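Please read each point alongside the display.

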There are 4 protein chains.
Amino acid sequence: MNSEHFSPYRADGKLYGFVCVVTGATQPVGKAIVTELAAHGAACIYACSSTPDEPYAQLAAEVNKAYPNTKVIGYPYKITSEENTLGLIDDVLNSWGRLDVWVTSSGLLGPPSIAETSPSDLRKCFEANSMAPFFALKYAPPAMAKTTPKGSYPNAAPKDQAYGSIIVVGSVASTYGGCWGPCFTMSSHAALGVVRAGVSVLKGSGIRINCISPGQIDIGVDLKGFDMRGMSSQLPPSSLQGPEAQKAIVGLERAGLPQEVGRVAGFLASGFSSYITGANLVVDGGASVMNPLTVPI
Amino acid sequence: MNSEHFSPYRADGKLYGFVCVVTGATQPVGKAIVTELAAHGAACIYACSSTPDEPYAQLAAEVNKAYPNTKVIGYPYKITSEENTLGLIDDVLNSWGRLDVWVTSSGLLGPPSIAETSPSDLRKCFEANSMAPFFALKYAPPAMAKTTPKGSYPNAAPKDQAYGSIIVVGSVASTYGGCWGPCFTMSSHAALGVVRAGVSVLKGSGIRINCISPGQIDIGVDLKGFDMRGMSSQLPPSSLQGPEAQKAIVGLERAGLPQEVGRVAGFLASGFSSYITGANLVVDGGASVMNPLTVPI
Amino acid sequence: MNSEHFSPYRADGKLYGFVCVVTGATQPVGKAIVTELAAHGAACIYACSSTPDEPYAQLAAEVNKAYPNTKVIGYPYKITSEENTLGLIDDVLNSWGRLDVWVTSSGLLGPPSIAETSPSDLRKCFEANSMAPFFALKYAPPAMAKTTPKGSYPNAAPKDQAYGSIIVVGSVASTYGGCWGPCFTMSSHAALGVVRAGVSVLKGSGIRINCISPGQIDIGVDLKGFDMRGMSSQLPPSSLQGPEAQKAIVGLERAGLPQEVGRVAGFLASGFSSYITGANLVVDGGASVMNPLTVPI
Amino acid sequence: MNSEHFSPYRADGKLYGFVCVVTGATQPVGKAIVTELAAHGAACIYACSSTPDEPYAQLAAEVNKAYPNTKVIGYPYKITSEENTLGLIDDVLNSWGRLDVWVTSSGLLGPPSIAETSPSDLRKCFEANSMAPFFALKYAPPAMAKTTPKGSYPNAAPKDQAYGSIIVVGSVASTYGGCWGPCFTMSSHAALGVVRAGVSVLKGSGIRINCISPGQIDIGVDLKGFDMRGMSSQLPPSSLQGPEAQKAIVGLERAGLPQEVGRVAGFLASGFSSYITGANLVVDGGASVMNPLTVPI
């Protein structure tokens, strides 16, 4: 998509002037989302991560260099803290006067087997995967409903009507079980529950909330060497299977790329999805609708 | 269904000799489930409830009188406690030598509005609605896989092969939002997640796990007078709407009865559903597949 | 389920006095349904099949012998004919004065590959798999709503209130694609559409309509030798995979049996499912909620 | 979305050089799709319609004027004809050397009540709503897999790898029943079946197929005056309800606009949805996940 002819991205693009929050921003999928939002002209992106020593600086530098009109702000953030969430929203409004997009993309996989899953593991996954979206649903909309006159803040465009899009990046574990453990399936279901509950909560506000459920995403890391018991902190299990398995069970015969999730987030963030809310966008190369029996006939 | 001609219930019926656990047993839906299991010949039912002063004695007396071959044991039980769950299973095996059916029917509705929903509310609902099923999935199967020779225990029939059915009574809030609050939608989704994760967990064990998602169930209580903020402890929101609303939005034009949920539990408990696992049985009088626009054409 | 202790079936059972129609009655799944309805005490079953030379006599003889209180009537029937459907209903009402249960279980698989699928194949599958349920939905309810006084007809019990249950036996092809061809997926989806449309159509009538979606059912025939191009006339593709594949992809690690579909039909036919309508009961041993990636971890 | 700042559309945009087919192109939703594809830089759009006297000329003139780099070709086309489909593909390849996007957006509503629905009505709806997508799935992919060297055709960009996106515009009637008749629910389900079957059919080809399921779309026509029995030929039933009903049952409290469906089609047509296939994008303002009971609490 980078030929001389194809140039859908531009500084005055579909997210022009938007102020965005992205959690999990230093993970592969989060990075791809930040980059995508910047490419479409977002004025500002708060790149949040719960780990204090994550390489914000590098991400911000890279994105700022490629998209000089977008300001990327590394922001240390504990997603399971209500106070942190409120503090972040205050910062956003004080600095920019508006909030348009909130993407939660931080996930916790949890132990793979039920035997090793403790109530404490469950609580951690629940907080990481579904309480963070809950906080977004509870606190972001009033900020998103705020309008701002022209010129009152640097960079951000004036906002003359309420607009907001909340995007919960979950997993296909929101609809079935799999190679991941019960923690992940349960909390991914709960994350989808936030989206579905959100339609009522947001009724009449004009603000939308949607879920992205990625399937196998290649995050460039071979998880086989990981100590899975150690609560690997990353998005939907990827690289768990070799290319042969992917070929057998995925319609497109390959894992997805973080950018392919990022692009869907860009679509949902923008007005191009203006009548989509409460939806679960499955981004899995067709795996979930292709019965495994299909292959060897 | 009580004519002179219709007698599907009998002491040597489809649950003959089964040993069962039912949580939430003193609530209307739980009571109906206990009664249904007894009617089909269950040898023993542990009627569990988290509230110490619930009227176990009355329930046990009523059911024992109607079905003298079934022993109903009132059992105080904190569903969110791992220790309590393990203790209960020990008691069951020590007394009866087998475990066949585990029904979780205790639910917590939570606050109706997001403004009044705190992280603590979320945790309570999550524990009540999805951690209890998780404990059942983690600890009941080894006990269900145990076989027992003839005559070694009173009442319970000999068990010569592994058999087990776990039934999670949730809500239609497992698939969409509604008049209930975000807590309930989120934790009902998570409960369905236990069921879906359970198919992998139980693979090859022969033990099954399924969800029942009741819609509007008339529990004989007018909830309008309730302080909903007070975390009413009961199953899917019922009686929230008057008969006119039910007529407009439910295919069968009425709320369901607790017995109608109980009967589905009886089906899932028995071998009559032997190839059903991982399923979500929606018991809602057709409300979820009938678009509201249908009515006034 | 045939121990000395287990006797849920009886002549005065849960379908006592019911008059039933079953299409596809001479196929393995249809036979199992007829037998199940008889075992629960149905007064009469019209065992319908579109192929004139099917062995009705044998089926009727077998079932009548095992369940002498049930009359099984072999009935040649073209399911795609509106006239045949109306004629059958007339016969039922003239002979028995009531109609309670209608099960469509005749299916057509169609060609396995799209290259070999013609518009004519599509039409045939559509007619067999979804027009037959449509005729049931259109014409059976008025007959089901008819009540009859005591004693006016032989065998059938008096019917003092409207009762009816329509059961569409489809396939998991109602929710995803698979090793079967596009014809089968398309027409299985359309059959589920009849059920979902049916809730509105039947609103307030008290009559219910539900779908059973079986997964891999072992019909005792090795389909590998079949000329699949030849439009094999049978229910969901079974025996297409060997036991190893079943072990890998089905939670219960085996194909289902026709009786296991039959029992679900018995449940849906009876008052035990009285608040279930518009539902899709997936009977697939858990295959559809277990991601194939689950196995090799 | 047309402020001085927002300019996501451009002649060298995300569909630059694409050759597209759109059926139902003279209906409101079809027009919006044609316009959207043109706005993103499509080289050529075959605007197809089954009605010979439809105002192609006007549509082509309008779009060509607004987007001079896109050639819109009005094309009379009987969607239920295999020959017409093959002829159209021949024309496309002969004139442009490539085919990238195929959108079926022609729909037939059918009679609203089952009493008035004949087998002939069913066949017509089935052909219009699901056989047309089937023909696209069967015949478009080989054409989409064709690559073309630079400069060999006017306008269309060179295509150096297989690319294709098939988009079936259906209805929320693909997942539940409603105010429309059984014809529409059945054939909308079957159309979704084409998409789900399509993942297997297209496995490994790189070509994608997806469904858009619009809810209430305001097509600018008050259908209340229509003779619905007369088989109105248009997309999902809209304007059937007044603004009060929309406010009560739609999360966004309004009907959608044809452009809002068009934009989703533009997303699915482009590489921005490159890992989405087999999906059903519900575009309904949240109506399907918001239980009607939600409103009056």
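1. The structure is a predicted model. The values quoted in this note should be read accordingly.

2. Fold of chain A. Seven helices and seven strands are assigned to chain A. Read from the N terminus, their order is β-α-β-α-β-α-β-α-β-α-β-α-α-β. Chain A has 297 residues, of which 67% are buried. When contacts in chain A between residues at least 6 apart in sequence are considered, 75% of them join residues at least 24 apart.

3. Extent of the interface between chain C and chain B. How many residues does each chain bring to this contact? Chain C contributes 56 residues and chain B contributes 56 residues. The area buried between the two chains is about 4600 Å², and carbon and sulfur atoms give 61% of that area.

4. Two salt bridges are found across the interface of chain C and chain B. In a salt bridge between B:Lys203 and C:Glu253, the N to O distance is 3.0 Å. On the side of chain C that touches chain B, at least two residues come from each of α5 (182–201), α6 (243–249), α7 (258–269) and β7 (280–283). Of the elements of chain C, α7(C) gives the most to this side, namely four residues. Sorted by class, the side of chain C that touches chain B holds 24 nonpolar, 17 polar and 15 charged residues.

5. An aromatic pair between chains. Over all chains, the count of aromatic pairs is 31. The ring centres of B:Tyr9 and C:Phe272 are 5.5 Å apart with the planes at 70°; because an angle over 60 degrees counts as edge-to-face, this pair is edge-to-face. B:Tyr9 lies in the segment before β1 (19–22) of chain B, whereas C:Phe272 lies in the loop between α7 and β7 of chain C, so the pair joins two chains. Are the two residues buried or exposed? B:Tyr9 is partly exposed, at 27% relative accessibility, while C:Phe272 is buried, at 2%.

6. Aromatic pairs within chains. In chain D, D:Phe134 and D:Phe135 form a tilted pair, with 6.0 Å centre to centre and 55° between the planes. D:Phe134 and D:Phe135 are both buried. In chain A, a cluster linked by ring pairs takes in A:Phe134, A:Phe135 and A:Tyr139.

7. The surroundings of D:Thr70. This residue sits in the loop between α2 (56–66) and β3 (71–76) of chain D. With a relative accessible area of 3%, D:Thr70 is buried. Which backbone oxygens does the side chain of D:Thr70 reach? A polar atom of this side chain lies 3.4 Å from the backbone oxygen of D:Ala38, and the side chain reaches the backbone oxygen of D:Ala42 at 2.7 Å. Beyond neighbours within four places in sequence, the contacts of D:Thr70 include D:Gly41, D:Cys44, D:Ile45 and D:Asn64.

8. Salt bridges within chain A. The whole structure contains 24 salt bridges over all chains. Side chains of opposite charge can pair when their charged atoms come close. A:Lys138 forms a salt bridge with A:Glu82, with the closest N and O atoms 3.9 Å apart. This pair links distant parts of the chain: A:Lys138 is in helix α4 (residues 119–144) and A:Glu82 in helix α3 (residues 82–96) of chain A, 56 residues apart. A:Lys138 is buried, with a relative accessible area of 15%, whereas A:Glu82 is partly exposed at 23% relative accessibility. A second example is A:Asp100 with A:Arg98, whose closest N and O atoms are 2.9 Å apart; both A:Asp100 and A:Arg98 are buried.

9. The side chains of C:Arg123 and D:Glu127 form a salt bridge at 3.0 Å, N to O. C:Arg123 lies in helix α4 (residues 119–144) of chain C and D:Glu127 in helix α4 (residues 119–144) of chain D, so the pair joins two chains. C:Arg123 is partly exposed, at 30% relative accessibility, and D:Glu127 is buried, with a relative accessible area of 18%. Returning to chain A, salt bridges with shared partners join A:Arg98, A:Asp100 and A:Lys159 into one network.

Terms used
Residues numbered from 1 in each chain as written. Chains lettered and ligands numbered in written order. Predicted model: local features only at pLDDT ≥ 70, side-chain atom pairs only at ≥ 80, totals over all residues. Heavy atoms only, no water. Contact = heavy atoms within 4.5 Å. Buried area = accessible area lost by both parts, 1.4 Å probe. Salt bridge = Lys/Arg side-chain N within 4 Å of Asp/Glu carboxyl O. Nonpolar A, V, L, I, M, F, W, Y, C, P; charged D, E, K, R; others polar. Phe/Tyr/Trp six-rings, centres within 6.5 Å; stacked < 30°, edge-to-face > 60°. Buried < 20%, exposed > 50% of the residue type's maximum accessible area, 1.4 Å probe, protein only. Polar contact = N/O pair within 3.5 Å; in protein donor to acceptor, adjacent residues only side chain to side chain.
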